[in-house]
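Hello,

Here is the structure I promised to hand over. My notes on it follow below.

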Amino acid sequence: MDTSEAKLYDSLLIVVAVVGIILLYYIITIIRYQRRSLRMHKEKIQAEIDTLEKERKRIASDLHDELGPLLSAVKLQINSLDTNDPGDQEIIGKSSTHIDSIIRKLREISNNLMPNTLVRKGLQKAIEEFVNNNQQIYGLQIKFICEKELHLDQHKEINIYRIIQEILHNTVKHAEATWLMIKIVIEEDRLLLMTADNGKGFNYFTKVRDNPGLGLRNLQSRAEVMGGELSCQSEPGKGTMYTFEIPV
């Protein structure tokens with residue numbers, strides 16, 4: 001190789017090295033930008049969820065601590081009315097019954113907004129209570145399986161509980177199912193939440209593409225903010241299965 005060829009070869013090497021460095025710089029920049037965007041997106045979702053949970057907690061507290069005692073006082077005053085008129089007594093009895101129904105409904109709403117059991121006894125007990133209550137309300141056969149005791153941070157417990165709430169709501173409202181299975185499995189450094197029903201099912205990809213309802217968006221957002229993944233298997237007439245893989 002003569003001198004001119006050697007110089008040309010050296011020049012080509014320099015050009016290739018410079019181009020390689022520039023490409024590497026752009027690749028690193030793009031990766032950093034994507035990671036930063038993903039982090040900011042998660043932080044935004046977490047902030048929205050935190051705001052929603054705080055508002056739910058505030059409303060639940062108002063219902064339980066203010067409206068509940070107020071209605072109880074009204075009921076006490078109504079029942080203390082002294083009358084011998086059968087018509088008035090009937091009205092008092094019906095009014096007292098209606099107030100009892102309103103108080104029970106307020107407790108249900110307050111508990112759905114922020115379950116006391118979730119705060120006091122943790123996720124597992126809260127799910128068991130939620131399942132028992134909703135079986136009675138909707139007549140849906142629900143089986144909850146969790147073989148290991150759960151020890152999670154509060155954010156994950158709330159998000160998982162909300163996911164189960166949303167799935168049950170969707171099952172009751174849309175699936176026309178007669179049974180629902182909820183299973184939680186702990187495998188080393190991950191938690192698997194799996195649900196299945198025998199409802200009418202739907203085309204998941206078409207649903208997400210054409211009409212991503214609030215329920216599906218909520219499920220995706222809560223899985224994403226926990227650093228987890230959501231997969232769904234559903235076909236018309238074949239029920240629906242959700243699987244959430246969540247790092248712990």
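**Notes on the model**

Thr195 touches Ile167, Leu180, Met181, Ile182, Thr240, Met241 and Tyr242, leaving aside residues up to four places away in sequence. Contact here means heavy atoms within 4.5 Å. Thr195 sits in strand β3. Thr195 is buried, as its relative accessible area is 3%. (Buried means under 20% relative accessible area, exposed over 50%, partly exposed in between, with a 1.4 Å probe and protein chains only.) Helices (H or I, at least four residues) and strands (E, at least two) are DSSP runs, numbered from the N terminus.

Before you read on: this is a predicted model, where local features need pLDDT of at least 70, side-chain atom pairs count only at pLDDT 80 or more, and totals for chains, interfaces and linings use all residues. Residues are numbered from 1 along each chain as its sequence is written, and side-chain values use heavy atoms, with hydrogens and water left out.

**Cores**

The largest nonpolar core has 35 residues, and Ile160, Leu193 and Phe244 touch the most other members. Several elements each supply at least two residues of this core, among them α1 (3–79), α5 (154–175) and β3 (190–197). The largest share, seven residues, comes from α5. Such a core is a set of buried Ala, Val, Leu, Ile, Met, Phe, Trp, Tyr and Cys residues joined through side-chain atoms within 4.5 Å.

Ile160 touches Leu123, Leu152, Leu191, Leu193, Met226 and Ile246, again not counting residues up to four places away in sequence. A second, separate core has 10 residues, including Leu63, Leu71, Ile99 and Met114.

**Helix α2**

Helix α2 covers residues 86–113, which is 28 residues. At 1.5 Å a residue it should span 40 Å, and its end C-alpha atoms are 41 Å apart, which agrees. (The expected span is 1.5 Å times one less than the number of residues.) Its buried residues are Ile92, Ser96, Ile99, Ile103, Leu106, Ser110 and Leu113. Why such spacing? An α-helix has 3.6 residues a turn, so residues three or four places apart point the same way.

**Aromatic pairs and cysteines**

There are three aromatic pairs. In one of them, the ring centres of Tyr25 and Tyr26 are 5.8 Å apart with planes at 70°, so the pair is edge-to-face. (Rings of Phe, Tyr and Trp, the last by its six-membered ring, pair if their centres lie within 6.5 Å; planes under 30 degrees apart are stacked, over 60 edge-to-face, the rest tilted.) Tyr25 is exposed, at 54% relative accessible area.

The structure holds zero disulfides, meaning pairs of cysteine sulfur atoms within 2.5 Å. Cys146 counts as buried at 15% relative accessibility. Cys232 also counts as buried, at 12%.

Best wishes
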